[in-house]
Amino acid sequence: MAEGFIKTELDQIKEAGLYRRLRRVECDQGPILTLDGREVINFTSNNYLGIANHPDLAAAAKEAIDRYGCGSGASRLISGNMTLHEELETKIAEFKGTEAALVFNSGFQANTGILSTLAGEGDAIFSDALNHASIIDGCRLSRAKTVAYAHGDLGQLEAALKQAAQSRRKLIVTESIFSMDGDEAPLAGMVDLAEKYGAMVMVDEAHATGLYGATGAGVVAKLGLGERVVVQMGTLGKALGGFGAYVAGSRALRELLINRCRSFIFTTALPPAVMAMAIAAIDLISREPERRETLWSNCRKLTEGLHALGFHVGASSSPILPLIIGDAAKCMKFSEQLLDRGVFAQGIRPPTVPPGTSRLRITLMATHTREHIDQALKAFEEISVSV
Ligand SMILES: Cc1ncc(COP(=O)(O)O)c(C=O)c1O
C-alpha cells in the first residue's frame, strides 16, 4: 500500500520515545484547567497576562460579530481588508512606536513570509541556533544562505558577518525572549554589529509582546532600539490573549510585504472578532500595568521556591522557566508525575529543543495565585523525595 509509510513512520516516532498526542482542555484558558477530565493547575500557557478569557476581550469580539459578521470573506488584497484590520494596525504601530504595522494570520505565517520576502538567493541570513521553527522554515523558504550562530554568541555572529562580505543583503534574525529557554537575546550588541557590517535586524517578539518596556511593547522598546531594528514581529496569541500576529516597522516595509509576501497575500484575512480582541487586549494591558508586576512577582516566587528545593531553572529573564532534564523519556516521566499531583508542566523534547536538552517548560501567568504556586512546589518536593 502506498500509504504504508505512515504507520512505519509512526512506529519509528514511538520507538524513539518522541510520540506526541493531543490533550483536551474542556474549559477556558485560566490558571486551572479541566484537562482530559481532571482538574490541574496550568503551568504551560503563553497566556502570560491571563487575559485570554477576560470579559473585555469577549465583549469586543461579540460586538465585532454583531457589527461586521463572522468571516472576512476574502484575502486582504481582495475584499477582506475591513475597518478593524486597519484600526488594529494603527493601534499596533502606536503601541510599538513604529511608523506602521501589518497584521498576519499567525506568527508562523509572519516569520516564513517576512524572511522569504526580505532575503533571497545571493543574500545571507544569520539566525540564532535556538530560533523558533517558523524562523528556520522562513530561512529555508528564502533560499538565502543561512548561517546558524551559537545561541546568543556575538563573537560567532561577527565572524559570520565578516565572512559574508560578498552577500547582496545581510539579515540578522533572533527572538528577543527565547521560547524554550526564556532568556533574552543580546540585542544591543547585535544592532551594533548589524550597523558595523551593513546588515538588517529582525526581532521576533512573540514571547515579549505585552510584557517588557514601559507599556509592554517588548524588549526592543525596553532597550530603546526601535529606530535601529528594521523588522519587529510578534504574536497576538500569547500575552495578548487572542490570535494572529503583527509586523511593525516602516511604511515602506508594510508596503513591500503587502506587495510581495506570499503568506500575507494568499490567505483569507483574519475575521473581525479577532481584530477586535487584539484592540481590546492592547487597551487592557495599557490600563492595567499591574498585571505585569503580578506576573514578575509570581516568577520570583516560583523560581526561589524551586531553587530552595534544589531544582535549578535556567538563566531565564521571563515567565518561561526551563528545568532541563536531558533525557526525553525521563522528562516525560517527570511531567506525568507532576500531572498525577495536579500540576501541568509540559515536557519538551526534540525536535522542539536540541537532543539531550529535554526539559519541563514551566510558564507563569499573572492570574496564578500564591496557593497555585505553593501547590506546584509541593508536587516538585514530593517527586524529588520519591526519586
Ligand atoms: C518565537 C516564536 N515565534 C513565532 C511563533 C509562532 O506564532 P503563532 O503561534 O502565532 O503562529 C511562536 C509560537 O507559536 C514562537 O514561540
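Modeller: A nonpolar core is a set of buried Ala, Val, Leu, Ile, Met, Phe, Trp, Tyr and Cys residues joined through side-chain atoms within 4.5 Å, where buried means under 20% relative accessible area, exposed over 50%, and partly exposed in between, with a 1.4 Å probe and protein chains only. The model is predicted, so local features need pLDDT of at least 70 and side-chain atom pairs count only at pLDDT 80 or more, while totals for chains, interfaces and linings use all residues. Residues are numbered from 1 along each chain as its sequence is written, and side-chain values use heavy atoms, without hydrogens and water.

The largest nonpolar core comprises 87 residues. Leu-88, Phe-126, Ile-172, Leu-302, Leu-338, Ile-362 and Phe-380 have the most contacts inside this core. Helix α12 (residues 272–287) contributes the most to this core, giving 12 residues; helices are DSSP runs of H or I with at least four residues, numbered from the N terminus. Leu-88 touches (heavy atoms within 4.5 Å) Val-103, Leu-236, Met-275, Ala-278, Ile-279 and Ile-282, leaving aside residues up to four places away in sequence. Another core, of 24 residues, lies apart from the largest one and includes Ala-110, Ala-144, Leu-171 and Leu-257. In soluble globular proteins, nonpolar side chains tend to be buried together.

Leu-257 also takes part in a packing of two helices. The axes of α5 (residues 107–118) and α10 (residues 251–260) come within 10 Å and cross at roughly 100 degrees; axes are lines fitted to C-alpha atoms over the stretch in contact, and angles run from 0 to 180 degrees between N-to-C directions. These two helices are therefore roughly perpendicular, a term for angles of 65 to 115 degrees, with under 35 roughly parallel, over 145 roughly antiparallel and the rest oblique. Ile-114, Thr-117 and Leu-118 of α5 meet Leu-253, Leu-256, Leu-257 and Arg-260 of α10.

The axes of α7 (residues 154–163) and α8 (residues 187–197) come within 11 Å and cross at roughly 15 degrees, so α7 and α8 are roughly parallel. Leu-154, Leu-157, Glu-158, Leu-161 and Lys-162 in α7 meet Gly-189, Met-190, Leu-193, Lys-196 and Tyr-197 in α8.

Finally, His-372 is found in helix α15 (residues 370–386). His-372 counts as buried because its relative accessibility is 11%. Leaving aside residues up to four places away in sequence, His-372 touches Pro-31, Ile-32, Ile-41, Phe-43 and Thr-367.
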